[in-house]
Amino acid sequence: MKQQMVRKIVAASVSATLAFAPLVGNACTAINVSAKDGGVIAGRTMEWSFDMKWELVANPKGTSIALTAPAPLRLPSTKLSSKYAFIGIAPGVLQGSPAYLEGQNEVGLGLSGNFLPGFTEYQTVTPQDKQYVSVINFGSFVLGMFGSVKELRAELPKYKVWYDPSEVKGIPTPPWLHYVLTDRSGDSIVVEFVKGQMVIHENVAGVLTNSPTYDWHLNNVRNYLSLTATATPSVVVNGTNVTELGQGGGLVGLPADYTPPSRFVRATYLKYFSNKPNNSAEAIQLVDHLLNNVDIPVGVARSTDGKQVVSDYTQWVTLKDLKNNRLKITNYANRTNFIELDLNQVFKTGKSMTWPIDKLPYPQNDLTAQLLK
């Protein structure tokens with residue numbers, strides 16, 4: 001009987017994946033940059049077609065984290081008390097416990113969840129399994145219980161990560177996710193769930209976008225080996241010296257569209273060619289400049305489903321300073337003005353707090369009166 005329940009859960013998950021495929025917003029980009037002084041900045045954009053009522057949530061040390069199996073299996077659940085305080089971003093439209101797609105904890109571990117439609121197949125929990133966690137609670141589990149990527153490499157494979165569509169309500173699409181996990185040493189991995197198995201990749205590019213899987217993106221980068229930051233200044237053609245029209249010609253052929261493969265190539269090569277920053281402050285600026293190259297204005301990345309037309313756009317951007325426990329965040333309407341939080345002070349309060357991202361007090365920065373004095 002329990003085996004039949006397992007098969008039903010898997011079948012329901014696959015059916016939901018196929019049913020919602022046309023409506024997925026899938027344009028997120030994550031970029032890691034390390035500075036010469038050891039600073040590590042992990043930035044990301046969140047693109048989506050729907051108003052998800054995103055919330056920034058601070059969780060103190062000791063926050064309850066539930067490890068459960070699919071309800072039909074009637075396996076025992078576990079309540080953990082988080083080892084670390086952490087802050088995360090979750091969709092407010094989701095009913096029940098928050099599902100963190102972005103965040104960092106007090107010891108400098110960062111998480112970014114990007115969508116991976118068409119390839120994600122979560123693991124199947126069986127009656128014999130002892131350790132498991134819903135993908136909805138995966139973000140809080142990682143941020144609350146682990147302090148380094150080294151720990152994650154050793155411990156994550158011991159758990160089954162599952163998804164049951166009957167237990168998730170309020171979000172417009174199933175949570176097909178892969179994750180980039182980075183710590184303050186710069187160590188980073190990508191975790192995916194493919195063909196019912198957990199797959200862990202070393203994040204050698206320091207970049208993550210969306211579908212296809214991470215290994216495919218790394219192979220695709222090899223199609224662009226001719227790109228260079230140093231262009232050919234002139235060529236003699238039939239005795240005539242033909243000079244370049246301007247700088248940047250070495251990047252002719254760099255893809256400019258917003259598909260996940262093109263954004264991965266663009267982010268990877270621009271990061272590679274950029275000068276290495278000296279410190280965290282310079283690294284923050286570099287990551288923001290890199291993310292500007294994948295920022296999506298409303299209306300330029302549209303899709304249709306019947307008569308409905310939707311557009312992916314950059315709903316928010318975060319810059320996580322993992323060395324200094326600081327977070328910068330902005331939304332679409334305030335893309336040039338970031339809110340900054342000293343997370344050491346936030347975590348010191350020991351309080352759980354929630355702020356809607358679209359209602360944060362973004363600065364206006366009109367200094368006209370001050371400059372005219």
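How exposed is lysine 53, in terms of its relative accessible area? Lysine 53 is partly exposed, with a relative accessible area of 49%, where buried means under 20%, exposed over 50%, and partly exposed in between (1.4 Å probe, protein chains only).

The structure is a predicted model, in which local features need pLDDT of at least 70 and side-chain atom pairs count only at pLDDT 80 or more, while totals for chains, interfaces and linings use all residues. Residues are numbered from 1 along each chain as its sequence is written, and side-chain values use heavy atoms, with hydrogens and water left out.

**Salt bridges**

Side chains of opposite charge can pair when their charged atoms come close. The structure holds 13 salt bridges, each being a side-chain nitrogen of Lys or Arg within 4 Å of a carboxyl oxygen of Asp or Glu. The table gives some of them.

| Pair | N to O distance |
|---|---|
| Lysine 53 and aspartate 51 | 2.9 Å |
| Arginine 153 and aspartate 187 | 2.6 Å |
| Lysine 328 and glutamate 340 | 3.0 Å |

Aspartate 187 lies in the loop between strands S11 (177-182) and S12 (188-194), whereas arginine 153 belongs to helix H3 (residues 149-155), so their pairing ties together parts that are 34 residues apart in sequence. Helices (H or I, at least four residues) and strands (E, at least two) are DSSP runs, numbered from the N terminus.

Glutamate 340 sits in strand S21 (residues 339-342) and lysine 328 in strand S20 (residues 326-331), so this pair links parts that are 12 residues apart in sequence. Salt bridges that share partners join Arg326, Lys328, Glu340 and Asp342 into one network. Within this pair, glutamate 340 is partly exposed at 39%, while lysine 328 is buried at 19%.

**Two helices**

Helix H2 (residues 135-145) is mostly covered, since 11 of its 11 residues are buried, among them Phe138 and Phe141.

Because 11 of its 14 residues are buried, H5 is largely enclosed by the rest of the structure. Its buried residues, including Phe264 and Tyr269, pack against strand S1 (29-34), strand S14 (207-208), helix H4 (214-221) and helix H6 (280-292), where contact means heavy atoms within 4.5 Å.
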